[in-house]
Amino acid sequence: MHMFCIKPSLGLVVGSLCGSLVLSSTALASSMDEVIVRAHALPPSPSLAAFNVTTLSADDLDNASGPRLDDRLRSVPGFTLFRRSSSTASHPTSQGVSLRGIGPNGAGRTLVLVDGVPANDPFGGWVYWSAIAPAAVERVEIIRGGGAGPFGNAAIAGTVRINTKLPEGQGGYADLSYGSQATANVMTGVWATTGAWTVDLEGQYFETGGYYLIAADQRGAIDRRADSDFKRGKVGLTWRGDDGLIARASLSHFSEYRGNGTPGAINDTSSTEASLRVVQDRGDSGWEATIYGIDRSFASEFTAVTADRSAESPSLSQYDVPVKTIGGNFLWRQSLGSGTLELGADARWIDGATHEAFTFQNGAFQRDRDAGGEQILAGVFAEYTTPITASTQIVGGLRLDYLKDSHGQRREIEIASGGVLRDDHFTSRDRTVVNGRLGLIHDLSAALRFQAAAYSGFRSPTINELYRPFRVRNDITEANAALKAERLYGTDAGLRWSTADGISLSLTGYVTWLNDGIANVLIATAPGNYPDFGVFLPVGGTLNQRRNLDQLRTMGFEAEIIMPLTDRAKITARYLLADAKVTKANEDPALVGRRPTQVARHQGNIGFEWAPIELLTIAGQVRAESAQYDDALNQRRLPGYVTADAMIAVAASSNVSFYAAVDNIFDRTVITGESGDGLRSIAAPRQVRAGARVQF
């Protein structure tokens, strides 16, 4: 097993708390004792060299901006949640991840793995970023494209693979921070080792008064700040054996409460997760296996707000959305001559449902809905990487998946009488899908490498998309049990140049075709009853349904340069061009030529890190996006924006550090969405925070 020696910087504590408020390991190198940390995974596969991958270390994350891990990963253009807002304030159902502008949606089109366990919600596909502590992260690999490969369902636009740290020895930390909007964060951790065993405990409490989600000129008496709080606890037990063998069992729980901008619009989540992961790394060979179980419950209240925003009334009460999942995966890697063979398998069983009350009239909900089902997702894969000349390698992989939707149902009743309004039971369906990928790696010189790849991928619709309708303010979206799996085909080609003094430059061009992409297709805007869907559409609202669009094409290029200016200063610049448009839509020809919602054509980021003296770190970034649209017909335009963040951190002694930072320095108003009636949602205003941390 490869060893990593990491100086305990502010990032070890503040990682999940204060975004860019971290002191780099360079600044603390002479002032703190070392903590030994192992990566709890096999080393990256040699096949990744054929694909466009950005790897972020713990120090990279420590010096990035934002309180949550998703905020920090936004330093990589193309990484987006469904909307521009952070997970700190956005509704959980809009926290799905996409890459390269490949049709963002609430469920996301990117697989997120934390130590081999899918972080994508089993019911809806979104990600609870509050449950992932950046302070615990040792490495993040953002694998763009690549198709299914070894990763399977949901890795249609790529994979975000997160590996966490494994502390050894004896130690602990405590952190306190406070900032704008009465935002408080407390995080503690402690670990101890005896013989081959290490036990660690972790805890965190976060709360914020939040900010207004509606633009200032449109707020009414009903609007409130989007407050939230969450609690997270984890216990881990690690055993280290001989010959690079490590086994780790963990049990974690988190609960989260959110206010969504008005008194009646709230949601909360409670989740318990258990996992066992075993890794053996023998250098040129090894294996890793993971089993896990998740028991989660979600509830959310939605409201209809009057046109003048003076009052609201309940519109939908998701009083219980339980979901359970059990799964596992296995990877075996073996050196065969000059090549490397990888074989693997993964499987996941999901049982989820939504229980909700709707049609609010005369002071009470009139109807109740029970909708949900089960899914089985299982696959096997094989991949081989081998040199064919002294300077050229090829990668070839094949994957076979079995998908099954069963026990799908949607039942609606009149609450007062118990009368059944609908009782739909959907026929079980199963299918197999085959995907593959090919890659080429060619070293043009010692410093310059050419890489190319072609791949395919898939995403099965979630239980949420198949059976559960939803509502955001007055915009209603109906489910569709007939949805087909999404399929993606793509190709990349690029150059990577690196020098001995640390300068690196990469440029990658890509084109992808997303077939049968699931989208919210507009059905009607006229107010009134729509009996086929069982809904009443209010004035200013829209009625949509999830449907498969025939084809979405995205093409463009990505560029990245990392340039050390001195041994204490570095500049990083990244850029993405995403030319995305619908190229075929037989159901709605008006969509052809339109850009998908929430996709900016241009995204870029420039960041710097500077340690002028040994104990001081200064860092910052400027991030920009061009305009995008919030509707399929490209009528509701969201303007582009430029924001800037900055931080300063100092180690006062060998075990005490202080930090301060400002996000959105110039207090820019960033529009994140616009509803059918013209209501504009906004991202966070300027936020200032400061804190202190003790290491013991």
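The side chains of Arg139 and Glu138 form a salt bridge with an N to O distance of 3.4 Å, where a salt bridge is a side-chain nitrogen of Lys or Arg within 4 Å of a carboxyl oxygen of Asp or Glu. Both Arg139 and Glu138 are buried; buried means under 20% relative accessible area, exposed over 50%, and partly exposed in between (1.4 Å probe, protein chains only). The model is predicted: local features need pLDDT of at least 70, side-chain atom pairs count only at pLDDT 80 or more, and totals for chains, interfaces and linings use all residues. Residues are numbered from 1 along each chain as its sequence is written, and side-chain values use heavy atoms, with hydrogens and water left out.

Over the whole structure, the search returns 44 salt bridges. Lys324 and Asp295 form one with closest N and O atoms 3.9 Å apart. This pair links distant parts of the chain, with Lys324 in strand 15 (residues 312-336) and Asp295 in strand 14 (residues 286-305), 29 residues apart; strands (E, at least two residues) are DSSP runs numbered from the N terminus. Lys324 counts as partly exposed because its relative accessibility is 41%, and Asp295 is likewise partly exposed at 41%.

In the salt bridge between Asp424 and Arg422, the closest N and O atoms are 2.6 Å apart. Relative accessibility is 24% for Asp424, which is therefore partly exposed, and 23% for Arg422, also partly exposed. Salt bridges with shared partners join Glu356, Arg369, Arg410, Glu412 and Glu478 into one network.

Asp424 is also among the residues touched by Gln409, together with Asp370, Ala371, Gly372, His425, Phe426 and Tyr467, residues up to four places away in sequence not being counted; contact means heavy atoms within 4.5 Å. Gln409 is located in strand 18 (residues 392-414) and counts as buried because its relative accessibility is 16%. Its side chain makes a polar contact of 3.4 Å with the side chain of Asp370. A polar contact is a pair of N or O atoms within 3.5 Å; within protein, one must be able to donate a hydrogen and the other to accept it, and residues adjacent in sequence count only if both atoms are side-chain atoms.

On the surface, a nonpolar patch is formed by Val190, Trp197, Val199, Leu201, Val235, Leu237, Trp239, Leu251, Val694 and Phe696, with about 860 Å² of accessible area together. Patch residues have over 30% relative accessible area and no salt bridge, with like charges joined within 9 Å and nonpolar side chains (Val, Leu, Ile, Met, Phe, Trp, Tyr) within 5 Å; areas come from the Shrake-Rupley method with a 1.4 Å probe, and for residues only the protein chains shown count as cover. Strand 10 (197-208) and strand 11 (228-240) each supply at least two of the patch residues. Phe696 lies in the segment after strand 38 (687-695) and, at 54% relative accessibility, counts as exposed.

Conventions:
Helix = DSSP H or I, 4+ residues; strand = E, 2+ residues; numbered from the N terminus.
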